[in-house]
Amino acid sequence: MPTITAVTKPVFFKGAPGPPKPGAQVFFSDDLRDPQTQAKLGTRSGSCKWLRETPEDIHECEATCVFEEGQVTIRGAFDFSPNAPALSKYAITGGTDAYANARGEVTVEQLTQESSRLVFDIRL
């Protein structure tokens, strides 16, 4: 059961112009880096769709993480509000190559406004 730990500094790209409303999307892409050495482990690219107007600012997000050994897809709800919990979890929904039957969870810890730690607990 591989575990991969990475840190990120995502770059977000806003979808449609104007103020956000339910259905609006944001897109992101970033490098996944080793937290100790900062060596590049892979990349993560995906999108989040705003679901509803609530204090929690909930988005449904999905992403593909590309590593040298294959790809891992992840999906789940994410709270973008200022009072969001520091930890959130996503489902690993599949993969390719070495991760062809991947399942499990990705725990995301918000370290700062600009960076996160991701821990991939992959079951094959």
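Below are questions and answers on a predicted model of a protein chain.

Residues are numbered from 1 along each chain as its sequence is written. In this predicted model, local features need pLDDT of at least 70, side-chain atom pairs count only at pLDDT 80 or more, and totals for chains, interfaces and linings use all residues, while side-chain values use heavy atoms, leaving out hydrogens and water.

User: How many helices and strands does the protein chain have?
Analyst: Helices (H or I, at least four residues) and strands (E, at least two) are DSSP runs, numbered from the N terminus. From that end, the elements run β-β-β-β-β-β-β-β-β. The count is zero helices and nine strands.

User: Is S116 buried or exposed?
Analyst: S116 is found in strand β9, residues 116–123. Buried means under 20% relative accessible area, exposed over 50%, and partly exposed in between (1.4 Å probe, protein chains only). The relative accessible area of S116 is 5%, so S116 is buried.

User: Which class does S29 count as, at 31% relative accessibility?
Analyst: S29 is found in strand β3, residues 25–33. Because its relative accessibility is 31%, S29 counts as partly exposed.

User: Which side chain does the side chain of S29 join in a polar contact of 3.0 Å?
Analyst: A polar contact is a pair of N or O atoms within 3.5 Å; within protein, one must be able to donate a hydrogen and the other to accept it, and residues adjacent in sequence count only if both atoms are side-chain atoms. At 3.0 Å, the partner of S29 is S45.
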